[in-house]
Amino acid sequence: MSLEHTRPLSRVHVLGAGAIGLLVAAHLRQLGHPITLLLRSQTAVDQFVSKGSRVAVFNDWIRTHPTRKLLLQQEAQDPIEPWVSNDIQAELPQTNSVSNQSGDFARIRQLLITTKAHDTVQAYWSVKNRLDAQSTVVLLQNGMGTYEAIQREFYSPPGQHGQKDKEAAEPPSFVVGTNSHGCLRIPGEHFATHHTAMAELKFAVRASLHNPPSKLPQSTVDVLSALGSMQLQVSIVSWSELHHQMLLKLAANAVINPITALTDCRNGYLAPQLHESDMRCVSSGYYDSMKSLVSSACAEIASIYARAHPHLQNELTAHALEKYVAGVASATARNRSSMLQDVAAGMQTEIDWINGYLIRLGKQHGVPTPVNTLLYTLIKLKEAGRHHP
């Protein structure tokens, strides 16, 4: 799908200033797009301004790239110097500073949401009044089910679950993305992201659940053109292709995230070829049990997919899922999974949108989910433990 700019570069608002949100914001700003970060508090806005209204990106992936000797213009052991995107704005999602003379909040035409999955509905509520049918919302998050949650909460017909308004508002267009780049934020670093593994981004227009429009608004064409121009190996694909990719990624997240969080090990612990630094996670007998757990989890996920998406059952087999999980673990071997980072920081994880989503899907289609239920329960116990040190 080829998209070319024929209009002035339009402003993109980014809601969720985590590792991936900052990475995309910085790359879009490098292309010349006006960028506004929507931050949680005025303190965060003031801090961003005091730090120069810029985002720093550390290309740590260069160290493990096959052509690192050509890419690195310094000694391999020296710190990677960041590149910086300047002149980025920041504001609160709803604030008088962005309202017009009539008191209405300034419209957002292109919104990128990169919050944690469990924060999505609340985050969307904070900007809903600034969106309309000519807006486009891009969801780039872990797990699955956030799009459906937004539809239920804000755009269901009157009388149905979650709809609070007298009439269902007309929704914006939605684009859904999936990310396999490795990136993380380091505590103490302000508005900086470390790009640890170069991979790919894929985006697709999500067909509306209610009265799909016959023509996409201009904002959708603009945002897809902007995203497709980034130097992050981006593909604009059909929804069916992206959905297949999302199911693969969901399987990888459902295996890698909880196991690494429970064992306090990096992703490479699940890779076929262990790095020597991962050997501390290997204990005689227990490592073989972990590998057996991975196989069982992939078999269970394949059974769920076969019932829920029968047209993909020949592609999403247990063997295919296990191979994909191993590939992701190898490509991101030095990464600490987002769930491991959340558990270590005493924060809520995204388990409800990963293994929890699979459990709900299995229940819906009559497929038992003992392995996912076990992983889900253990992570929930970890979360509960943060309140009882």
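User: Which residues does Ser330 touch, not counting residues up to four places away in sequence?

Analyst: Contact means heavy atoms within 4.5 Å. Ser330 touches Ala271 and Pro272, leaving out residues up to four places away in sequence. This is a predicted model, where local features need pLDDT of at least 70, side-chain atom pairs count only at pLDDT 80 or more, and totals for chains, interfaces and linings use all residues. Residues are numbered from 1 along each chain as its sequence is written, and side-chain values use heavy atoms, with hydrogens and water left out.

User: Is Ser330 buried, exposed or partly exposed?

Analyst: Buried means under 20% relative accessible area, exposed over 50%, and partly exposed in between (1.4 Å probe, protein chains only). Ser330 has a relative accessible area of 38%, so Ser330 is partly exposed.

User: Now the nonpolar core: which residues touch the most other members of the largest one?

Analyst: In soluble globular proteins, nonpolar side chains tend to be buried together. A nonpolar core is a set of buried Ala, Val, Leu, Ile, Met, Phe, Trp, Tyr and Cys residues joined through side-chain atoms within 4.5 Å. Here the largest has 47 residues, and Val255, Leu270, Ile301, Tyr305 and Leu321 touch the most other members. Helix α7 gives the most to this core, twelve residues; helices (H or I, at least four residues) are DSSP runs, numbered from the N terminus.

User: What does Val255 touch, not counting residues up to four places away in sequence?

Analyst: Beyond residues up to four places away in sequence, the partners of Val255 include Leu270, Val294 and Ile301. There is also a second, separate core of 37 residues, with Leu22 and Ile88 among them.

Note on methods: Helix = DSSP H or I, 4+ residues; strand = E, 2+ residues; numbered from the N terminus.
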